[in-house]
Amino acid sequence: MSSLRTLAVAAGLQPEWQDAAGRRQSVADGALQAILDRLGHPSGSEKQIAESLAAIEARNAQGVRFLSVDVGDPIRLASKVSGKAELTFEDGTSRSITVDNGELSPISKSGYHKLEINGEVIDILVAPRRCYTIADTLPSRKLWAPAVQIPSLRTDAPKSFGDFVSLADAARAFDRRGADALAISPTHALFPADPSRYSPYAPSSRQFLNGLYGDPAAFGAKSGSRDVPELIDWHAAIPEKLARLRKSFDQVPSQIEETLTAFRLQGGDDLERHAEFDALHAHFFAAIGARGWQQWPAEYHDPASPAVRRFVEEHADDVTFYIFLQWLARRDLDAAQTAAKDAGMAIGLIADLAVGMDPGGSHGWSRRNDLLTGLSIGAPPDPLGPDGQSWGITGFDPQALRDTAFAPFIATIRSALAHAGGIRIDHAFGLRRLWVVPEGASAAEGAYLDMPFDDMMRIVAMESQRAKAIVIGEDLGTVPDGFREAMDARAMLGMRVLWFERDADGFVPPAKWSPDAVAMTGTHDLATIAGWWSGRDIDWTWDLGRKSDAADKPTDLAARAEDRVALWAAFDTGTEQPTPEDTDPVVDAAIAHVAGTLCALAIIPIEDLAGLVEQPNLPGTIDEHPNWRRRMPDTTEALLARPEVAARIVTLNVTRPA
């Protein structure tokens, strides 16, 4: 192995990897060098490589300040130290213990504890062995849930886009039809002053909420125009909503001001920095078109700088407005989860945790040392993205997580679970490894960076049990060896999607689907049932010139015709196969197929329940496809009352109970 590749391995990079087809791939030396440089390990010469290796070895020799174990397991410290130590439990109680050659007896009390020995403090997580499960909530029951994109929801009150009040209405409507959960799109904070930043998977911060989802109507700000087109016009809708929110802020009564002050104090420095970022972003976006903090004048790059402190003082009302947006959004999201639970849902909302965040956002400005710098995370070429994907977002630096006792990751998980009974971890492979790409390079010029998987899985289990919330991990794409087995061991549910459940004999029958996963007809990134059957996704592929395994469109359509035969045979309806234009019978059969699996939870996108052709998002596109802009054709209540939709819900309710 070359010295460069030795350094790459020491830094947590994988010089070789296995693609979705099982083929071994090797990362080019130039790509490794570019990534190493951005990780802070210069590698342009043999001298630099030697110095970087020595620095890594010296850091490793310092030991760790965080370790995690399962309840009941023995604890082994990195050093072979012996002697008396003080163990302080998370609840503040403590006791003296003996450490023998770096080992101490198992701890039966789960939690985040601290061990002090010889003047050194080590954070120790003692985690439950598994996540909270559906069986913990409702033993011997099989549940179903719809999945919705919050902005797409319509209500009787016309709105430019759906919000948390629309979500509460949807939760009550679905509960009346027998659903026990409602999976939702990410609610993370975006960039409220920039109407082009509406993708829920490129947030400014994952620890705060999208303030535009709050409802200003309670403070006298009326809804917008009654003209509600098929597609959301974000460039008009966001400024209009922001103006109404500002008007409601200006009319806040005194009793709400007191509540807002208490909320602000409770939020502490993190909330202050986030609101300051939003105010600064709005200022510099309007003044010079700056999309992120990197384009601000240099004196504003440091949150503690005199320039920033002066701006905050001079624009105190603007900062308070953005704190108000966080309070309003939290109030309304809490109300949506309360509405779901009070209506009778066993789980309620299932939050969606995006895999990363925009490096120019709030988190990147206020706590940039938490994050990878100069690297975009994404995915190598796979069936979900044949060209590979570089998402233009960043994630946690694995070394920074260890250095901070995983505080940013813990805060992120807690934030997602604060208003939900479950969580879906987007691209859950990111807990094991991240595909990192140097900024400006193609997705193929990336490499896998190892993450502290065992520690992160234990944290997820700890927070899941505390919140009594189920955990779903998106495990679609290039699956790392042993990943699904590790998920099963932690009771983290995987995702089994109709289109991918195939073997040598065709589509897998329901009785053979894994019980350790949720069953799904599709996701926001995939063709709907009606879209797949009619070939709408193929039209998009060839109309936009996207990469395809097929030589041309006729070949693609011919392969789809064969797949239709296989799918209809798997449904085993005993009826004649419908034509490509006749999608309703296929939607009915697909939902029945997924509902009949062994999975404890079936999730059906609302687009499939309604039999819609178009999908919410087309990966790898921005403006070419109307991503995150599609609106439901009617209110949730009206959609669910449609005869064909009501019949599909009957199928779910009849099939899912054990």
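Mentor: Contact means that heavy atoms lie within 4.5 Å of each other. This is a predicted model, where local features need pLDDT of at least 70 and side-chain atom pairs count only at pLDDT 80 or more, while totals for chains, interfaces and linings use all residues. Residues are numbered from 1 along each chain as its sequence is written, and side-chain values use heavy atoms, leaving out hydrogens and water.

Let's take proline 515 as our part. You will find proline 515 in the loop between β24 (506-507) and β25 (517-520). Those labels come from DSSP runs numbered from the N terminus: helices are H or I with at least four residues, and strands are E with at least two. Leaving aside residues up to four places away in sequence, proline 515 touches Leu598, Cys599 and Ala600. Now look at leucine 493, which is 22 residues from proline 515 along the chain. The C-alpha atoms of these two residues are separated by 8.8 Å.

Now let's step back to the whole chain. The secondary structure of the protein chain comes to 21 helices and 26 strands. The radius of gyration is 25 Å, close to the 26 Å that the globule rule gives for 658 residues, so the chain is as compact as a globular protein of that length. That radius is taken over C-alpha atoms, and the rule is 2.2 Å times the number of residues to the power 0.38. Along the principal axes, the C-alpha atoms fill a box of roughly 75 × 65 × 50 Å. Buried residues make up 56% of the 658 residues. Among contacts with a separation of 6 or more, 71% involve residues 24 or more positions apart.

Salt bridges also join parts of the chain. Side chains of opposite charge can pair when their charged atoms come close. A salt bridge here is a side-chain nitrogen of Lys or Arg within 4 Å of a carboxyl oxygen of Asp or Glu, and the whole structure has 46 of them.

One of them pairs arginine 76 with glutamate 103, with the closest N and O atoms 3.4 Å apart. It links strand β5 (residues 75-76) to strand β8 (residues 103-104), as the partners are 27 residues apart. Arginine 76 is exposed at 54%, and glutamate 103 is partly exposed at 39%.

Another pairs arginine 197 with aspartate 358, at 2.9 Å between the closest N and O atoms. These two sit 161 residues apart, in the loop between β13 (188-189) and β14 (205-209) and the loop between β15 (348-353) and α10 (362-366). Arginine 197 counts as buried at 10%, and aspartate 358 counts as buried at 15%.

Then there is arginine 424 with aspartate 352, whose closest N and O atoms are 3.2 Å apart. Arginine 424 belongs to strand β18 (residues 422-425) and aspartate 352 to strand β15, 72 residues apart. Arginine 424 is buried at 10%, and aspartate 352 is buried at 7%. Finally, salt bridges that share partners join Asp70, Asp73, Arg129, Arg458 and Arg490 into one network.

Key: Buried < 20%, exposed > 50% of the residue type's maximum accessible area, 1.4 Å probe, protein only.
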